[in-house]
Each structure stands twice: as structure tokens, then as C-alpha cells.
Amino acid sequence: MPKLKPPFRLNVPMVLTWMRIGMMPLVMALFYVPTSWLSTHTINQLTCVLFCVASLTDALDGYLARRYHGWATRMGAFLDPVADKLLVAMSLVALVWLGRLDALWAVIIISREITVSALREWMAKIGESGLVKVNIFGKIKTIAQMTAIPCLLWWDPLTIATPFFTGDVNVAAIGTVLIIVAAVLTIYSMAVYLYASRKAFDDPHVEDDVNE
């Protein structure tokens with residue numbers, strides 16, 4: 001499908017990316033608001049909504065950059081994954097600080113992101129970036145992770161009433177289970193990437209290629 005001509009000159013994907021980056025300190029700042037100003041439940045709701053909005057801008061800016069000619073830029077290609085990783089890392093740190101997440105799971109997920117980012121940069125330098133494309137395990141990990149974090153930010157039980165179920169849903173427990181699933185998958189997907197890249201590390205000519 002050919003790219004469309006943008007309806008206006010403003011580079012919307014870049015604006016959305018910068019908005020996502022700007023939302024991160026706002027999410028953190030909300031947890032410092034005195035409970036005399038906002039209740040803990042209200043703060044939980046606001047941080048959850050902000051995280052979800054930020055996550056939606058990630059999907060939207062990527063779609064727009066692919067859809068409209070001239071909206072995919074090098075700066076956007078650089079900032080987009082950086083914004084995503086900062087959003088997740090800062091949210092995980094906040095959840096550990098709040099006592100809602102064991103530091104072990106946060107360390108595993110953040111360490112994996114750093115490792116895989118470094119690996120992709122290395123593979124791009126030697127012209128083998130195709131070996132570390134996103135795999136199915138990485139996609140499932142992302143889904144579990146991006147569902148778990150809003151649940152842990154919300155934290156409070158959610159009362160629902162449907163023809164099939166009426167009662168309180170333990171949102172915190174759902175988030176905890178999903179973040180553990182994400183942590184396990186993050187280790188496995190990293191192992192898959194490293195295994196796919198093993199020959200590049202054994203290639204005696206790689207160092208010469210990088211130094212040229």
C-alpha cells in the first residue's frame with residue numbers, strides 16, 4: 001500500500017513521541033502528591049491512565065510514520081524505542097519504590113532491555129541486524145509486560161458486574177502474575193537473540209569490520 005501525503009506539515013509522530021517522554025516525569029511526580037490533595041486511589045487511577053495513554057501514543061506514532069510519506073525520520077526512529085524503554089524502566093522503578101513489585105523482576109526486565117539494545121546496535125554495526133529481529137516470544141513478553149504495569153499501577157480491586165461474573169477482581173494479583181510471566185519470557189527471548197547472534201561473536205573478521 002503506497003504511503004499517503006500528510007494532511008498537514010506538522011510531524012505528528014515526533015510530537016507523540018515527545019509527549020510520551022514528557023508523561024514519564026508526570027507519572028513519577030503523581031506519587032509525590034500528598035494524600036491530603038489526592039487520595040491514593042485517585043493517584044493510582046491517574047498514573048494507570050497516563051501510562052495507558054503513553055502506550056497508545058507508541059502504537060499511533062508508529063502507524064502514522066509508516067502511513068504518511070515524510071513522517072518517518074531518523075530522529076523519530078532513534079527516539080521511539082528510547083521513549084518506550086524509558087517509560088517501562090521508570091514505571092518499574094516506581095512500582096519497586098511503592099512496594100508493589102519485587103526488585104528482582106524489575107532488574108531482570110531492565111537488564112534484558114539494556115542487553116538486547118546493545119546487541120542490536122552491535123549487530124547493526126556488522127550488518128547482521130536481521131538476526132535479531134523481534135521474535136514471537138519478545139512480542140508475547142511485551143504484551144504481558146504492558147498489561148502488567150497498568151494493573152500494578154491501578155493496584156486497587158476492581159468491582160465489575162456482568163452476566164458471567166459479579167464481584168471484585170484482584171487487579172494487583174493479575175499484574176503480579178503477568179509481570180513474572182514477562183520476566184520469564186524476557187530471559188527466554190534474550191537467550192534466543194543471543195543464540196541467533198552466536199556466529200557473529202565467533203567471526204574473527206568482525207573486529208576488523210567494526211574498526212574500519
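Mentor: Start with a definition: the expected span of a helix is 1.5 Å times one less than its number of residues. The model is a predicted one.

Trainee: How do you know that the length of helix α5 agrees with its number of residues?
Mentor: Helix α5 (residues 136–154) has 19 residues, so at 1.5 Å a residue the span should be 27 Å. The end C-alpha atoms of α5 are 28 Å apart, which agrees.

Trainee: What covers the buried residues of α5?
Mentor: The cover includes α2 (40–67), α3, α4 (103–125), β1 and α6 (171–196). Among the buried residues of α5 are G138, K141, A144 and W154. Just after α5, W155 takes a positive phi of about 65°.

Trainee: Why is T159 called exposed?
Mentor: Exposed means over 50% relative accessible area. T159 has 59% relative accessibility, so T159 counts as exposed. T159 lies in strand β1 (residues 158–161).

Trainee: What makes the link between the side chains of T159 and D168 a polar contact?
Mentor: The cut-off for a pair of N or O atoms is 3.5 Å, and these two side chains are joined at 2.5 Å. Leaving aside neighbours within four places in sequence, T159 is in contact with G167 as well as D168.

Trainee: Why is V82 called partly exposed?
Mentor: The class lies between under 20%, which is buried, and over 50%, which is exposed. V82 has a relative accessible area of 31%, so V82 is partly exposed.

Key. Residues are numbered from 1 along each chain as its sequence is written. This is a predicted model: local features need pLDDT of at least 70, side-chain atom pairs count only at pLDDT 80 or more; totals for chains, interfaces and linings use all residues. Side-chain values use heavy atoms; hydrogens and water are left out. Buried means under 20% relative accessible area, exposed over 50%, partly exposed in between (1.4 Å probe, protein chains only). Helices (H or I, at least four residues) and strands (E, at least two) are DSSP runs, numbered from the N terminus. Contact means heavy atoms within 4.5 Å. A polar contact is a pair of N or O atoms within 3.5 Å; within protein, one must be able to donate a hydrogen and the other to accept it, and residues adjacent in sequence count only if both atoms are side-chain atoms.
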